[in-house]
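Welcome, and thanks for opening the viewer. Keep the selection panel handy, and we will go from stop to stop together.

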6 protein chains.
Amino acid sequence: MTERRDGRAADDLRPVTIERGWSTQAEGSALISFGGTRVLCTASFTNGVPRWLQGKGRGWVTAEYAMLPRSTNDRMDRESVKGRIGGRTHEISRLIGRSLRAVVDTKALGENTLVIDCDVLQADGGTRTAAITGAYVALHDAIEWGRDKRFIGQKAVPLLDSVAAVSVGIIDGEPMLDLAYTEDVRAETDMNVVATGRGLFVEVQGTAEGAPFDRSELDRLLDLALAGTERLAALQRAALEATA
Amino acid sequence: MTERRDGRAADDLRPVTIERGWSTQAEGSALISFGGTRVLCTASFTNGVPRWLQGKGRGWVTAEYAMLPRSTNDRMDRESVKGRIGGRTHEISRLIGRSLRAVVDTKALGENTLVIDCDVLQADGGTRTAAITGAYVALHDAIEWGRDKRFIGQKAVPLLDSVAAVSVGIIDGEPMLDLAYTEDVRAETDMNVVATGRGLFVEVQGTAEGAPFDRSELDRLLDLALAGTERLAALQRAALEATA
Amino acid sequence: MTERRDGRAADDLRPVTIERGWSTQAEGSALISFGGTRVLCTASFTNGVPRWLQGKGRGWVTAEYAMLPRSTNDRMDRESVKGRIGGRTHEISRLIGRSLRAVVDTKALGENTLVIDCDVLQADGGTRTAAITGAYVALHDAIEWGRDKRFIGQKAVPLLDSVAAVSVGIIDGEPMLDLAYTEDVRAETDMNVVATGRGLFVEVQGTAEGAPFDRSELDRLLDLALAGTERLAALQRAALEATA
Amino acid sequence: MTERRDGRAADDLRPVTIERGWSTQAEGSALISFGGTRVLCTASFTNGVPRWLQGKGRGWVTAEYAMLPRSTNDRMDRESVKGRIGGRTHEISRLIGRSLRAVVDTKALGENTLVIDCDVLQADGGTRTAAITGAYVALHDAIEWGRDKRFIGQKAVPLLDSVAAVSVGIIDGEPMLDLAYTEDVRAETDMNVVATGRGLFVEVQGTAEGAPFDRSELDRLLDLALAGTERLAALQRAALEATA
Amino acid sequence: MTERRDGRAADDLRPVTIERGWSTQAEGSALISFGGTRVLCTASFTNGVPRWLQGKGRGWVTAEYAMLPRSTNDRMDRESVKGRIGGRTHEISRLIGRSLRAVVDTKALGENTLVIDCDVLQADGGTRTAAITGAYVALHDAIEWGRDKRFIGQKAVPLLDSVAAVSVGIIDGEPMLDLAYTEDVRAETDMNVVATGRGLFVEVQGTAEGAPFDRSELDRLLDLALAGTERLAALQRAALEATA
Amino acid sequence: MTERRDGRAADDLRPVTIERGWSTQAEGSALISFGGTRVLCTASFTNGVPRWLQGKGRGWVTAEYAMLPRSTNDRMDRESVKGRIGGRTHEISRLIGRSLRAVVDTKALGENTLVIDCDVLQADGGTRTAAITGAYVALHDAIEWGRDKRFIGQKAVPLLDSVAAVSVGIIDGEPMLDLAYTEDVRAETDMNVVATGRGLFVEVQGTAEGAPFDRSELDRLLDLALAGTERLAALQRAALEATA
């Protein structure tokens, strides 16, 4: 078995911490760490929906992802300075939004809008999966804020399930869970899996970075990923059960 | 069994045509149709590579995807007029590029650059999968052009395999192959699969548009998709065996 | 007399084809060829007008022109990627719009909007003149679509005349009609003439690329151009008389 | 005969003034007025040419046109604030550049670059024609500056001729010279003519704003314009003969 | 005592001229010179306020600053061409707006908007201070125009005071008033002071360009600046007392 | 005496904390809090300088400031999404850069570049002053990193002094130190003072938000500010003396 640089077993997550309520400004927030990866997730609640959705009795959930310029080992130029958002940023923002919407009943949410911002303060692989996992906690708390303020009905159940995400990959022929940056770079195949607390898939995105992969490799990666998201779901529950 | 609007069986592709060499300007080109979806794929060959890759003895393959404003039922604003490229466009351009690179041996390609442009002239679902399938044909011919011009060695084998893509989805609980636009809109789960001529996966991107999906649904979709890409690989071979 | 590379006489058009109704999505469309130049023209009909024109009982016609990146011999960067539209693109879009509006009675059109998109799929000189000539056919059919849908009155006559365009130039001292790309590059003087089916001028744009030109040269170019637009008008009529 | 609002005859220019050397910073400059239209033209001389032109022994002349936001009756937004240059601005900048290059022998200019800026301080019709006419004076003086500094040979003749421009139009059926803004708005046909001091055409741009126009109308407009540019050429000569 | 290149004493302003009403288009205007620095200031009056201010009975005053590309010794690229406004331009536009608003009673102004444009035609140091000083004159006249048109009440007093600005700096250890460009470049400390006709501060912006400065140096600069703005206030009064 | 909402005396700072070395990626970093304001400052060290500075034996220090979208009470749009950087952001980035450069001897720094990023994670007034104060700590550590790596000489003294900043303002007629957001909004006059550890001024920026202010008010604000920066300098020293 390949020994991992940080001593983990192939099916170990990195240490995960969730600082719920990190921000005193946002209606919901969480500073989440997957090892050296740290993402600040805030959820902004607004009563009302964008014009194109008005009068339909449904809410709206969207997300934006970004990295601080020196979250990475080499400083990156700011997208605001470049004047345009890169393809990777767009792609991840859309992924986070879809992942959250998959567990939201927009009818139960009512005409309210939730904008989730996931800003990567420090990056060491798996920033998108940490972002989704932390975003769920922030979203949860912002929805409860909306319920306290009576923008959401007391009996409404806008959250149908929890959602979390993890990366998996094949390194030197062996499937590994939750890749750190140095592992991610070496992976032949890289997959991000988003799954609900009940163990259903929301997104499966697998990419052959090196050689194309076969069906049995795909199956082993999916097994590993579902075990990982199950543990993340438990950590989310623990964070949400603690007194905020 | 759900009857499909156009009379196809669940595991039927739409009629596929590949007009190889449509463009007289590009080194390789194909106008590909998947039913009402029509994509013009051109491959531009340049001797030399971008500065950051110089002197490494490797080539570069990249792709850009775009839709004509009235390729769709409602006219869309041009991205050039909006002054920025949307997230979806970025995402698909990156997907096409990765898919092609998965079957290219950049060492064998030598210090040459191939830019593949996939412009959707008419859209009726599956534009990204048609684009990948057509792009491979254009890429093939541009590489042969480079060989004729002696930019690529006579015995070099830059293409390791062929690559094609197809969409699959679950509609009313049933897996379906190669979704037309009206089907895509109704699908609960939507998946794009990119696979090589040998039947290996390059990309698997599955998204729960409605309810999250379970492992057995995922397995059935993967089966259906691989059957589809196998047939597309045969159509690519037929097009490339015809006299250009 | 200068022999033209493609064997044409000085006053010959290149072979012109008009594939009316090429697009199944647009209300009117034409794929037009002037020799190797191929432009896809679509006309999008919308009931209603922009806010600034509302309540005045008049319609609006506008046009956008663009080139596919590999329509030309050397691949050009996409304007969407550059984030800005070039001066030449702007200039031609405006020319096409003005040319079409010159033959439209916006009162008879009623409060309806027509957006004409002219996308150059392949370029070999004269793209703007082919675009105008094809755009008229697309516009015509979109207006008839609007009449069928009862957005335009049954007796209204929104089109006052037809409109077509052709380039002329002086090469080695001799006036030539409908310049191909290699001719255009060599021309000392280059002129684009837009004229109606009745033979009236809509636009005359002459430019000394080399030495300035005198009045008699200008006169000879105008004669040649009017003969060309007369033949194009006949081809437009033939296309529109065929069953769509 | 239509009486003009400002009492001019149909073939009269507005009062034209040329303040040569207005700017103490630029190598050549002129503040030109055509009636209420006032344009500051500066010519910037740089020894050397852009990279793509190096080593060919030829110079480069280019121009940029812009309007101050409150040069017009209603304040316009700044193009710098909008973040993009409009089509009209692009079109006019290109026209000025082509017009100047038509009278420049770039071989005689040597590897030197001239950038002409034409900024409209106040607009009352004919801003592009005033700009071209003033730009020639600024260009002339910047070339002489370059000769004084020995960047241009003492016997070189970079200017082959002078160049000036004027607008003409048909108002209520009658051709008129040098349209003021209120006339321009009413004109059925509007034409800008750029001609050399020797009376040769550099650019002819005629547009039917209302009804298309016939050959005899075109001929009368051309006659009127050439008479106008001849007078402007005399005014340029007078300005350049005065001690700077 | 340091001798100044232009022979001025340390506490001398450069020659100041104010051409009030330079523009025939704007409701108020002034072409102001501080030595070789020339700024065209126009004030545009609009009845009504931006949407976010409607119904509050208050007016709005804002300003935009820009430099012509060849206002400086070396030609600068246009911000419209670069597609973005630089930090310095933003900073100065904001400063001018704040300075003017400090002397405006927006209640007395009523729901009217004033946009002040300050375009630097020629730059030789102190462009922002000349702009503020000229902008006040343009603003004054545009407010009077609004009063004449009865958009502002006959007894309303929208202007609480006048406002003017001047630069001061320490050169070779000595405080100097109204720095020309060559002085500005050499200054160790550079300060811009905006003050009202009554001698109160609106803005104080001091920057150590070289070594940090102490309290006594700061005090001497403030004394010098207030003496300068007092003289500028007198020149503004003189300009406004002359018949426009 | 006005009672401050948080119980502070007029001349009290808010609680200040400096978490030195917060980032494991950057060469120097500090997470600084001024009460509810939290700014992450990172310093990126690069051996070498921008092209325009090469070969002069001097280094370069620059800074960028930005706010997370939900750092504030109401979510702001991202500048990357808007595609342009606002004037306030530009202004503060430039201020931070100038402030740091005032205490750096670029000769002693050698040909090395330091980019300081100040990202506001949570905003409650005084973000620019907290940013400058934290940036100094990050800069200090990045310079020491460069010394350890031998990019900077062992005896070189690139830092001439420390630098810190604080806001002061007049509220209800009384000068107050280090304004929280709700105080800042109410202040008649608002001033930011940047000063070195030795008590010299680097920047003084005072603005009359309400009524203009007189000389004695200015003097009282300067006294208060210098007392504040003196205490901040002590806190910086304490943080830097602790073991990193």
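Start by selecting Arg78(B) and Asp117(C) and showing their side chains: the two meet in a salt bridge, with 2.8 Å from N to O. Bear in mind as you look around that this is a predicted model. Side chains of opposite charge can pair when their charged atoms come close.

**The interface of chain C and chain B**

Now widen the selection to the interface around that pair. How many salt bridges does the rule find across the interface of chain C and chain B? There are 12 of them.

Next, select everything in contact between the two chains: 34 residues of chain C meet 33 residues of chain B. The size of an interface is often given as the accessible area lost when the parts come together. Here chain C and chain B bury about 2,800 Å² between them, and 47% of that lies on carbon and sulfur atoms. Which residues of chain C lose the most area to chain B? Pick out Trp22(C), Gln25(C) and Arg70(C), which together account for 26% of what the chain C side buries.

**Inside chain C**

Stay with chain C and select Arg98(C) and Glu203(C). Their side chains form a salt bridge of 2.5 Å, N to O. This pair links distant parts of the chain, 105 residues apart: Arg98(C) sits in helix α2 (residues 87–101) and Glu203(C) in strand β9 (residues 201–208). If you zoom out to the whole structure, a search over all chains finds 120 salt bridges.

**Two helices in chain D**

Move to chain D and show helix α4 (residues 127–148) with helix α6 (residues 215–241). They pack at an angle of about 35 degrees, their axes 10 Å apart, and the crossing of α4(D) and α6(D) is right-handed. For the contact, display Thr133(D), Tyr136(D), Val137(D), His140(D) and Asp141(D) on α4(D), facing Leu232(D), Gln236(D) and Leu240(D) on α6(D). Four of these contact residues are nonpolar, three polar and one charged.

**The helices of chain F**

Select α4 (residues 127–148) and α6 (residues 215–241) of chain F. Their packing angle is about 35 degrees and their axes lie 10 Å apart, with α4(F) passing α6(F) in a right-handed crossing. Among the contact residues are Tyr136(F) of α4(F) and Leu232(F) of α6(F).

**Chains without contact**

For a last stop, show chain A with chain D: no contact joins them, and their closest C-alpha atoms lie 10 Å apart. Chain C and chain F also have no contact, with 11 Å between their closest C-alpha atoms.

Methods:
Residues are numbered from 1 along each chain as its sequence is written. Chains are lettered from A and ligands numbered from 1 in the order in which they are written. This is a predicted model: local features need pLDDT of at least 70, side-chain atom pairs count only at pLDDT 80 or more; totals for chains, interfaces and linings use all residues. Side-chain values use heavy atoms; hydrogens and water are left out. Axes are lines fitted to C-alpha atoms, for helices over the stretch in contact, and angles run from 0 to 180 degrees between N-to-C directions. Helices (H or I, at least four residues) and strands (E, at least two) are DSSP runs, numbered from the N terminus. A crossing is left-handed if the near helix is turned anticlockwise from the far one by less than a right angle, and right-handed if clockwise. Contact means heavy atoms within 4.5 Å. Ala, Val, Leu, Ile, Met, Phe, Trp, Tyr, Cys and Pro count as nonpolar, Asp, Glu, Lys and Arg as charged, and the others, Gly among them, as polar. Buried area is the accessible area (1.4 Å probe) that two parts lose on being put together, summed over both. A salt bridge is a side-chain nitrogen of Lys or Arg within 4 Å of a carboxyl oxygen of Asp or Glu.
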